[in-house]
Amino acid sequence: MHSNSRFITSNQTGIHDQLHDLLKRRAGSDYQKPIASSSRIAFDIAVTAWNNSNTLDLIIDAGCGVGLSTRRLALQNPNHFIIGIDQSSDRLSRQIDWSGDVPDNFITVRADLVDFWRLLHEAAIYPSHHYLLYPNPWPKKHHLSRRWHAHPIFPTVLALGGQIECRSNWKTYVDEFATAVTTLTGVTAQCENYQPTSELLTPFEEKYLASGHALWRCQLTLPATEHF
Ligand SMILES: C[S@@+](CC[C@H](N)C(=O)[O-])C[C@H]1O[C@@H](n2cnc3c(N)ncnc32)[C@H](O)[C@@H]1O
């Protein structure tokens, strides 16, 4: 495991001064970008695999990278089906060193999350758990709207409900995530220091810990709803 991951540097100190205005400006407006047909195909494949499994509840691993966390979540949650989604076919096709049986209660698919989340919501499919593990931080100040909590898709992500967890090695990302959750839903959410006591979930988590980075997370439960 690499132990030389660089600490995040940013020209932003603390929560972005434009975050509140951005969230307020967008309130009540739906995200209109057309959904790619490739995302629809990936969505159908994933939902069919879930329907063909003997599991009722669904866990989403959003931005699963190589899919190691998807497999580990599948082993940890044998009564759930796990869908890992990533846009990178390169990452998804990498061989994963895996000792023991590969669990059968998971699938990884290549799709744009911005489409996949809307397809879940349109189909009224509400995951019991939803992980956003080490999303790209986009730490430059002018990249605010690329962070998931500042993206116009975020109200749809929250409307899917369930137990939502975001982890990052950049505290500001998780502070902003929690602020955006509270602003959009009225539900109190907080950033906390995360010190894993059980199995590490993702390669990025392993890499950051080996490099001496602190980890942060925001965890909360929301009801599924039409809109936030
Ligand atoms: C920093 S990596 C973290 C990967 C994994 N969760 C981990 O912790 O090892 C972020 C991942 O999000 C994926 N990603 C970013 N934007 C995406 C999008 N719009 N749709 C799907 N995947 C996306 C990237 O391809 C990348 O694999």
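1. Let's start with a term you will need: two strands pair if DSSP finds at least two bridges between them. Helices (H or I, at least four residues) and strands (E, at least two) are DSSP runs, numbered from the N terminus. With that in hand, look at strand 2 and strand 3: five bridges join them, and they run parallel.

2. A word on what you are looking at. This is a predicted model, in which local features need pLDDT of at least 70 and side-chain atom pairs count only at pLDDT 80 or more, while totals for chains, interfaces and linings use all residues. Residues are numbered from 1 along each chain as its sequence is written.

3. Now the overall picture. The protein chain holds eight helices and seven strands. Its radius of gyration is 17 Å, close to the 17 Å that the globule rule gives for 228 residues, so the chain is as compact as a globular protein of that length. Here the radius is taken over C-alpha atoms, and the rule is 2.2 Å times the number of residues to the power 0.38. Along the principal axes, the C-alpha trace spans about 45 × 40 × 30 Å.

4. What is the order of the strands in the sheet? The open sheet of seven strands runs 3-2-1-4-5-7-6, with mixed pairing. Strand 3 and strand 6 (192–193) are the edge strands, each pairing on one side only. Six bridges join strand 1 to strand 2 in parallel, and D61 stands opposite G84 of strand 2. Strand 4 (residues 129–133) and strand 5 (residues 162–168) are also parallel, with five bridges; there, Y131 has E165 of strand 5 as its bridge partner.

5. In strand 3 (residues 106–110), four of the five residues are buried.

6. Next, the nonpolar core: a set of buried Ala, Val, Leu, Ile, Met, Phe, Trp, Tyr and Cys residues joined through C-beta atoms within 7 Å. The largest one has 54 residues, and those with the most contacts inside it include I83, I85 and V181. Helix 7 (residues 171–185) gives this core its largest share, seven residues. Two residues are in contact if their C-beta atoms, placed from the backbone, lie within 7 Å. Beyond its neighbours within four places in sequence, V181 touches L158, V187, A189, C218 and L220 in this sense.

7. Is helix 5 (residues 113–122) mostly covered or mostly open? Seven of its ten residues are buried, so to speak the covered majority. Among them are F116, W117 and L120. The buried residues pack against helix 2 (37–51), strand 1 (57–62), strand 2 (80–86) and helix 6 (154–159). Just after helix 5, A124 takes a positive phi of about 50 degrees.

8. Finally, the ligand. Of the 20 residues around the ligand, G63, G65, Q87, T202 and F204 come nearest, where near means a C-beta atom, placed from the backbone, within 6 Å. Helix 8 supplies the largest share of this shell, three residues.

Notes. Buried ≥ 20, exposed ≤ 12 C-beta atoms within 10 Å, placed from the backbone.
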